[in-house]
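Please have a look at it first.

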Amino acid sequence: YFLERLGNPQKELHMIHVAGTNGKGSVCAFLEALLTQHGKKTASFTSPHVVKINERIKLCAKEISDERFASAAVKVRHAIETGITEGKNSPSFFEAVFLMAMVIFQEEQPDICMIETGMGGRYDATNVICPKVSVITSISEDHMEFLGQTLEEIATHKAGIIKPGIPVVTIEQEPKVKEILSEEARQKKSRIYKERDVRTNIAGEFQKSNLAAALQTAELICGRLDEDKIYEALSQIRISGRMEEIAPGIIVDVSHNIQGMQGFVQTVEANYHGMKKRILFAASHQNEEEYMKNILKTIPEIEAFYTVGIHKRRIDEAEFQDAFRKMIDRNQETTVCFVVGSFYLAGMAKEFINQEEENVRL
């Protein structure tokens, strides 16, 4: 209904739809860089944001301005108010921002838009689109309170983005997940493409499969890719919140579920071998906190380990600052500090560094 009120912007756009438990944001970032290098004007809608809500809507890899955000918000609010007077339910926060992205992309008419699902896929607000390619990244157990108690139930939700006759790119999945995706694709007569081979030392094995999926997807959009342009795209890429160095020796990572945490540990062990580590952790899901803590504590040479609590999606500012200041108060250059877990924690660390860099001894 609300898209209709806004003139059905989704019908005029060329899109790539990305679902999965881990790696959606990374795949979108890789695609943005690869497609830009190959001459495409890009747009992307992703979530959540780390510091500022504008991060969710990007044009040519740059977050939209406050002015652009405000003008889209006015249009969407008008459509919502009209809908409410006609007895429609108000959309959720996520749905409202998605509507804003559609309005902005219709105005801009980019060559290709990356659209990331919020949660699941089949019943996600973004599933109203008909993309050029559907991409399904790594699937594991997450958001179980909404998506079901088993891996099969979760996979069935993600498989819901597969559209009739539209190609699907997926990474290597567990056998039972693979079976569900294959069956959905068979029913919809959609061809599944495995991710293409990739030889790169990009940090983290997890990122290797995300990059491979992005390369395969970019090939479906552009045809044969230029190797020099691939290299150029990768040399420029910086993925916010993914092993991101926000100050010398201070790295944030938004791995926030069990599979993501295992990948984080592998990446740290591979890239920071022999160095002392300090870790600040906050769990997005309380029921997984102890389990994830135990995974983190398998990292060798941990010098200090701090945790902060999350209550109703908030972290107490004073509690965070106390733990963060203690962690970064180190003497040796051989000690690396990691802020890992929730997006909220990563955002607070980045804001703290941005605001107080001149006052903090790093």
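Predicted model: local features only at pLDDT ≥ 70, side-chain atom pairs only at ≥ 80, totals over all residues.

Residues are numbered from 1 along each chain as its sequence is written, and side-chain values use heavy atoms, with hydrogens and water left out.

Let me begin with an open sheet of eight strands, ordered β4-β3-β2-β5-β1-β6-β7-β8 with mixed pairing, where strands (E, at least two residues) and helices (H or I, at least four) are DSSP runs numbered from the N terminus, and two strands pair if DSSP finds at least two bridges between them. Its edge strands are β4 (62–63) and β8 (192–194), each of which pairs on one side only. Further in, β1 (residues 15–19) and β5 (residues 112–116) run parallel and are joined by four bridges, with Val 18 standing opposite Glu 116 in β5. Helix α2 (residues 24–37) packs on this sheet, touching β1, β2, β3, β5 and β6, and its direction makes about 175° with that of β5; contact here means heavy atoms within 4.5 Å, and angles run from 0 to 180 degrees between the N-to-C directions of axes fitted to C-alpha atoms, for helices over the stretch in contact.

The other sheet I want to show is open too, with five strands in the order β9-β10-β13-β11-β12 and mixed pairing. Because β9 (244–247) and β12 (302–307) stand at the edges with a single partner strand each, one side of each is left without a neighbour in the sheet. Three bridges join β9 to β10 (residues 250–253), and these two run antiparallel; Glu 244, for instance, has Val 252 in β10 as its bridge partner. Helix α12 (residues 317–328) lies across β10, β11, β12 and β13, running at about 170° to β11.

What, then, of the nonpolar cores, meaning sets of buried Ala, Val, Leu, Ile, Met, Phe, Trp, Tyr and Cys residues joined through side-chain atoms within 4.5 Å, with buried taken as under 20% relative accessible area for a 1.4 Å probe, protein chains only? The largest has 30 residues, and those with the most contacts inside it are Phe 45, Ile 57, Met 102, Phe 105 and Ile 115. Helix α4 (93–108) is among the elements that give two or more residues to this core, and α4 gives the most, with 11 residues.

Technical notes:
Buried < 20%, exposed > 50% of the residue type's maximum accessible area, 1.4 Å probe, protein only.
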